Amino acid sequence: MIFSLLDELLIFSAATVLVALILGRGLAVGWMVTILYGGQLLVLIKMAALGYGGDPIASELSLSVMGQDLSWRFDALSWFFALITLVAALLTSWFSCGEWERKFKQQGGNVWLFHLAMALNVFTMLILLASGDLLSLFIGWELVSWAGFLLMAVAGGVATKAAMRYITYAVVGGMSIFGGIALVYAAAGSLQYEAILIAVEKMSTGQLWMLVLLFGSGFGIKMGLLPFHLWQAAAYAETPGPGSAFLGAISSRMGLFAILLVLVKLFGIVNIDSLKIPFTLIDARDLLAWIAVFTIIFPTYTALKQNDARYLLAWHGIGQGGYMLLGLVTANSLGAAGGLLHVLNYAACQAALLMAVFAVMHRTGTADLNKLGGLVARMPLSFLVLLTGIIGLAGLPPMNGFVSKWLVYRSLLEDGMPLLFLGTIIGTLGTILSVYKLIHNMFLGQLRVEHEHIREAPWSMMIPMLILAGTIFTTGLLPGIPLTWVTAALQTIGLTGPEITLGGIESSSGSLDMIWVIGVLFAGFGIGAVIFYSAGPSKRVHQLDNYAGGHFLSADVRYQYSDNFYSGLMHLIRGWYRGSFQWLENSITSLVEFLSLGMQGIYRRANSEFYLLSTALFIIAWVVF
């Protein structure tokens, strides 16, 4: 059999799983799988024509399950997500080699299981991205869910509890997707994409609504969209270091990939537009847009309340997904390009930020923002990586996040959506406030006495962090390079991209050239630096020697008050939360538990009349109250 490039990639990825499984207890397993991730990336680069509009590459392998043919292929959309997946896997695995791996093992961690879970995640994600029909998509979806559960549960303890919560959500989402697949098969008589495209045009409004709700909720759970977001922060934050960075960068974006493939490509934006909500002026696309905006706002301000750096960034991961979905459901050239570009931009920023946080944890033993501070003089390169990442995450120039968010903002204004635009601005304000808290409490202010002799992170961690920081800046300076891949990916799902230049986009309503923007920005910084350093003599003092209000402050006086950061703001916005989503989840959980007890009693025929009556009364009370 002659293998295609896609077959080579999948075989290479499967071989990586086998190496981690068989040789995973060896001393050099981290470096072995890292090299193998590099090999997978080289195979993907050989398929780079896909990123520029090349013809899809099909797998030579085909299977038949219960009369349904399974097939796999890669197009520009698959290639774009696979590129992010493999780069994230390579750099996070590299980060795990050396000192982190040794320390994790000393603390009782299972290094073998960690690398095996990482390799399984990459392999199953590639299977999902290569799906050529709805059944192979579902199989890949379930494999990704269980591989993610394994990686989340590696650390044990609190991580296992968070992983169990995740898999509970994932199973519910999987059943929702399975129900949608059953309805599609009943209508189309096939699960092949071509047959579904034809059948969709003949479906009734009721059928389309049901499919949008089933697939949208199933894929939305993986993506962490409101109100299905409560599992994500703890699950990602408690995953061991590099695994957290990998999952945070790309895992939940598998939900966005599936939304693009099924809701946008197969069902079509035009058909979704036609689904009106009775007695309102809102259609299904408007509903998705508002879900995206609320996903931006609420998790972002929840991140503001976190005192654990890992949880702060994990909550941001939920919010940033809202920008991606919002841009894509606008379906115009600027918004769709911005939403899809933000997948790549966010992945680079989030991976860099989490690596910086875990590098600080590696040296200090804590991610508690109230127990850190002043580390810029001890870990200057980690500070530079974190600074680069938070500028990108906040959507400010000169980093890449500015480009993707600018495109989304611009599309909302051009389409006359001021309320949605206002929602994104509110979310961006929350992002800026929370990332300032992150960098202030970790690196700025007064150095703690116990951290006076802290050293920079080892080079095995530092090199992948610096590569990510360089990527964030380079794709901000020259966004035309990834925008070319984005445009090719959009074309595969029936959308168009903007006219691209090396520095950004060309548009009659307003162009963007980041080369000029960054040039002017750096010129301003240069002039400011000349004025600052020529203003007069200065004196360098030790971080523990501070002076304020006419008094010298010694090391025993805490001049940096980072505890309860933004307490005034949190007092003002506390009423927005009131634990409504948590209350809803707990209510549903209690109902399910009660019903399960009732069904158990009925099954055992013990006081069945009592159980039937009490169950009915409880359901009535729950609905009423």
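This is a predicted model: local features need pLDDT of at least 70, side-chain atom pairs count only at pLDDT 80 or more; totals for chains, interfaces and linings use all residues.
Let me start with the helices. Two packed helices are described by the angle between their axes and the distance between the axes. For helix H1, residues 5-23, and helix H5, residues 111-129, the axes come within 8 Å and cross at roughly 165°; since angles over 145 degrees count as roughly antiparallel, H1 and H5 are therefore roughly antiparallel to each other. The crossing in which H1 passes H5 is left-handed. On the H1 side the contact involves Leu-9, Leu-10, Ser-13, Ala-14, Thr-16, Val-17, Ala-20 and Leu-21, and these meet a set of H5 residues including Trp-112, His-115, Leu-116, Phe-123 and Ile-127. Sorted by class, this contact has 14 nonpolar residues, three polar ones and no charged ones.

H15 contributes Gln-320, Tyr-323, Leu-326, Gly-327 and Thr-330, while H18 contributes Lys-405, Val-408, Tyr-409, Ser-411 and Leu-412. By class, the contact of H15 with H18 has five nonpolar, four polar and one charged residues.

Now to the aromatic side chains. Over the whole structure, the search finds 19 aromatic pairs. One of them joins Tyr-166 and Trp-231 in a tilted arrangement, with 5.0 Å from centre to centre and 50° between the planes. Tyr-166 lies in helix H7, residues 158-188, and Trp-231 in the loop between helix H9 and helix H10, so this pair ties together parts that are 65 residues apart in sequence. Both partners are buried: Tyr-166 has a relative accessibility of 3%, and Trp-231 a relative accessible area of 1%.

That brings me back to Phe-267, which forms an edge-to-face pair with Phe-215, at 5.8 Å centre to centre and 65° between the planes. Phe-215 sits in helix H9 and Phe-267 in helix H12, residues 253-267, so far as sequence goes 52 residues apart. Phe-215 is buried as well, with a relative accessible area of 1%. Finally, Phe-215 and Phe-267 belong to one aromatic cluster together with Trp-141 and Phe-219.

Note on methods
Residues are numbered from 1 along each chain as its sequence is written. Side-chain values use heavy atoms; hydrogens and water are left out. Axes are lines fitted to C-alpha atoms, for helices over the stretch in contact, and angles run from 0 to 180 degrees between N-to-C directions. Helices (H or I, at least four residues) and strands (E, at least two) are DSSP runs, numbered from the N terminus. Angles under 35 degrees count as roughly parallel, over 145 as roughly antiparallel, 65 to 115 as roughly perpendicular and the rest as oblique. A crossing is left-handed if the near helix is turned anticlockwise from the far one by less than a right angle, and right-handed if clockwise. Contact means heavy atoms within 4.5 Å. Ala, Val, Leu, Ile, Met, Phe, Trp, Tyr, Cys and Pro count as nonpolar, Asp, Glu, Lys and Arg as charged, and the others, Gly among them, as polar. Rings of Phe, Tyr and Trp (its six-membered ring) pair if their centres lie within 6.5 Å; planes under 30 degrees apart count as stacked, over 60 as edge-to-face and the rest as tilted. Buried means under 20% relative accessible area, exposed over 50%, partly exposed in between (1.4 Å probe, protein chains only).
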